[in-house]
Amino acid sequence: MGTTQSGILGGRLPLADYETNFSDLHPALDRHEALVASDRCYFCHDAPCMTACPTSIDIPLFIRQISTGNPIGSAKTIFDQNILGGMCARVCPTETLCEQACVRNTAEERPVEIGRLQRYATDIAMKENKQFYTRAATSGRRVAVVGAGPAGLACAHRLAVKGHEVVIYDAREKSGGLNEYGIAAYKSVDDFAQSEVDYVLSIGGIEVRHGQALGRDFSLGDLTEQYDAVFLGLGLAGVNALRIEGENAEGLDDAVDFIAALRQSKTKADIPVGRRVVVLGGGMTAIDAAVQAKLLGAEEVTICYRRGKEHMNASEFEQDLATSKGVTIRHWLQPKRIALKDGKVAGIELEYTTLVDEKLTTTGETGIIAADQIFKAIGQTFEASGLGSLAFEAGRIVTDAEGKTSAANVWAGGDCVLGGEDLTVSAVAMGRDAAEAINRAFAAAMPRASAVA
Amino acid sequence: MADLRNNFVGIKSPNPFWLASAPPTDKAYNVERAFKAGWGGVVWKTLGEEGPPVVNVNGPRYGAIWGADRRLLGLNNIELITDRDLYVNLREMKQVKMNWPDRALIASIMVPCEEEAWKSILPLVEETGADGIELNFGCPHGMSERGMGAAVGQVPEYIEMVVRWCKQYTRMPVITKLTPNITDIRKPARAAKAGGTDAVSLINTINSIVSVDLDNFAPNPTVGGKGTHGGYCGPAVKPIALNMVAEIARDPETYGLPISGIGGITTWRDAAEFLVLGAGNVQVCTAAMTYGFKIVQEMISGLSDWMDAKGHRNLDDITGRAVPNVTDWQYLNLNYVAKAKIDQDSCIKCGRCHIACEDTSHQAITQFVNGVRHFEVMDDECVGCNLCVSVCPVENCITMEELPAGAMDQRTGKPVDPNYANWTTHPNNPMARQAAE
């Protein structure tokens, strides 16, 4: 039992509780469990799970390889399509992707545990540091990748395999992007994100320059001048504003910063949290912040979302996870005003909402929830400078189907791109495919070999 | 309530489920437990001749193959006949029979192919009060190297000779247990009948190497770096056993010879299949070794409930009922036409029927219809082969539907002929017999 003292403070719980609370959400399958789980796969033809995977991993094949006692071969099948398959196995909302498509749902309403099986195979290969790829002969081409997140890493790895030299620029101190800074701690324990970065970079030919921010330390123009091609995997650096009274009060924080701080903390006891916490939003970020606030010892945690359950971006599984941890999820409430006491957050006034002709409107009723800490998780925005005259639409970079932007020799992928899906696995797919496109562009630009008489 | 009481060559038991001669029936302790669990009879583990008992290996005796979720499908065994003293076994048999007078107790015997050997052991067995004897002409491992077991069962003349001795020297019913490690099961069955056997029992185990240790390059089970072939049993051998039982049941020379069916029987349904193919009762081993003796309770209730549901009053109502329907390929009706049909409501869209048909058969199942994943049989390509039914993971999702007489077969473009016609009269058969004028 922790302290119920008001205010935002760390160390609410005994130390041992933090360790329990932030342990692996889905413990790894052991060999026996993996064999039992893999036996359930039907080895479907043109499998729906494979179609549902943004990176098109050959799921029936990798599961069959597990079931026949070949987890290393299984890992290669996964990495062939998705070099970040280890993290995706942990963070993918499989219940809305591969596992939703699993035909076992039709008969039994229980899919094959694809995500956990993927983790089983990739864990074994990574633990043995099994390297499946070697670099092609050096091409002499150099590519700059901006952002060491999932899109950038996937792009860099595929380019390195093709024999190109890659330099990654990242504004943060560590590589990994959202894998390192944006995922709930219990989904990626034991510093997995950094282990994975090391595993990916061990292909060679990739240099990472940290603390290098686009617009501050260099511009896109600098890169296109120095490199044969550029890939932008910038992610979303900005956070939407509430635009209500009290926005800048002490105690009103960005959920993404809270999540990042938690990931960087070893013990979690040093991360302060309120006694009563309100999280605004309905996506994965809201869930991650709310659950972790609860796990840190907050007495009451309430998610307030301005629409209904069915509109939430967070998956059903994530919502259930939150409620199982004691988080209250309330719908049809939108923030009206932050209530302050001595300049600090004391609560939030919310307006009840409803849909009128499919349009969200307030009913006029209001209510107040007492809170000493409020997290904003109402979406992130693309925020970058130094991009010159790149074409944008709806605040995102416009690309063609292969990830090519409006600028010559510049490709982009991940959340920063129009049509980006806010999913690690989609970012990986876009980075990988852009690398293939860049490679094709290099090949097309090569002078044809003249026939030897 | 169906009457499951069994009378097999005069041996009475409360139900047709006997434990086969095997490791589970090696001593009184196990057999007592089996009878308590409800087994109708027991064939005691094979007795050898008087003198120093055989010895077994002191390493692994079993190997296995598994299906999904490590369900045991096949077991391989290199254990020999009983390695206990003959008189210990005889004393225990006598005591158990006294304790359980309503259950069948059969002595399995394997001694050298010499008249004196059989002549001397039979009175000892008879003295126990055993209900009958089973001649072990089947074990394919170990003992066969010494001229016994399958080495006898593979030579019809020996079978006939030994059966004759036994019928001469004992009043007990004689059941001759056959080895499947031969090319035509009818030959040893006919020999046993010629010798005067009261019944045959089959199958004994099949020569097998169940798997190979790929690290040590040795067959499993590996005993000190080497392996030997063993006897294969369990669910995997049931189809082989069913065929052999049916062959004997429908052979004019052995027709009516009582059969005790053995081979992979695991559930009541397996047992019923043996019975309807001509077995008067069944013997079980691997299923008990996998799950324990309690499985007989499922077998009893399952068989009884099925018989009740179908209106069969007793075992005589069902024994051999399927035998008239086992025939030669040449007599199958070539005018019978069936097409696969996929129930779209139960289809889970795994696509296995499609890929099996597309890659390996007749390209008769769609994958997409109007761009949507949809599996449907194309009647103009379907030959009715049943492969899709076999590979579909959902029971009854795909069924074979008979085309009624007169209906158009889309594949051949001809209406279904209502008349029976088989290969013997088919115009493509060079040996076709002329129809009578």
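This is a predicted model: local features need pLDDT of at least 70, side-chain atom pairs count only at pLDDT 80 or more; totals for chains, interfaces and linings use all residues.

Q: What is phi of B:Val9?

A: Near 40°. That is a positive value in a residue other than glycine.

Q: Which residue of chain A has a positive phi without being glycine?

A: A:Ser56 is one, with phi near 55°. A:Ser56 sits in the loop between helix 3 and helix 4 of chain A. A:Ser56 is partly exposed too, because 13 other C-beta atoms lie within 10 Å.

Q: What about helix 4 of chain A, is it enclosed or open?

A: Largely enclosed by the rest of the structure. Helix 4 covers residues 59–67, and seven of its nine residues are buried.

Q: Which ones are buried?

A: A:Ile59, A:Pro60, A:Phe62, A:Ile63, A:Gln65, A:Ile66 and A:Ser67.

Q: What do they pack against?

A: Helices of chain A: helix 2 (31–39), helix 3 (48–52), helix 5 (71–81), helix 7 (98–101) and helix 9 (114–127).

Q: What comes just after helix 4 of chain A?

A: A:Gly69, which takes a positive phi of about 80°.

Q: Switching to peptide bonds. Which ones are cis in chain B?

A: Two to look at. The bond joining B:Leu202 and B:Ile203 is cis, with omega about 10°. The bond from B:Asn220 to B:Pro221 is cis as well, with omega near -5°. For context, most peptide bonds are trans.

Q: Where are B:Ile203 and B:Pro221?

A: In loops of chain B. B:Ile203 falls between strand 10 (199–202) and strand 11 (206–208). B:Pro221 falls between strand 13 (218–220) and strand 14 (230–233).

Q: Back to chain A. How many helices and strands?

A: 17 helices and 17 strands.

Q: What share of chain A is buried?

A: Buried residues make up 48% of the 453 residues.

Q: And how many of the contacts join residues at least 24 apart?

A: 72%, among contacts in chain A between residues at least 6 apart in sequence.

Q: Sheets now. What is the strand order in the open sheet of five strands?

A: 6-13-7-8-9 in chain A, with parallel pairing. Strand 6 (252–254) and strand 9 (328–330) are the edge strands, and each pairs on one side only. Neighbouring strands are turned by 25° against each other on average, direction ignored.

Q: How many bridges join strand 7 to strand 13 of chain A?

A: Four, between residues 276–280 of strand 7 and residues 373–376 of strand 13. In that pair, A:Val279 stands opposite A:Phe375.

Q: Which strands does helix 14 of chain A lie across?

A: Strand 6, strand 7 and strand 13 of chain A. Helix 14 takes in residues 255–264 and runs at about 70° to strand 6.

Q: Which way do the residues of strand 4 of chain A point?

A: A:Ala229 and A:Phe231 point one way, A:Val230 and A:Leu232 the other, and all are buried.

Q: What is strand 4 of chain A joined to?

A: Four bridges join it to strand 1 (residues 142–146), running parallel. Three bridges pair strand 4 with strand 17 (residues 410–412), also in the parallel sense. A:Ala144 stands opposite A:Val230, and A:Phe231 stands opposite A:Trp411.

Q: Last one. How many residues of chain B are in contact with chain A?

A: Twelve, and they touch ten residues of chain A. The chain B side divides into six nonpolar, three polar and three charged.

Terms used
Residues are numbered from 1 along each chain as its sequence is written. Chains are lettered from A and ligands numbered from 1 in the order in which they are written. Two strands pair if DSSP finds at least two bridges between them. Helices (H or I, at least four residues) and strands (E, at least two) are DSSP runs, numbered from the N terminus. Axes are lines fitted to C-alpha atoms, for helices over the stretch in contact, and angles run from 0 to 180 degrees between N-to-C directions. Two residues are in contact if their C-beta atoms, placed from the backbone, lie within 7 Å. A residue is buried if 20 or more other C-beta atoms lie within 10 Å of its own, exposed if 12 or fewer, and partly exposed in between; C-beta atoms are placed from the backbone. Ala, Val, Leu, Ile, Met, Phe, Trp, Tyr, Cys and Pro count as nonpolar, Asp, Glu, Lys and Arg as charged, and the others, Gly among them, as polar.
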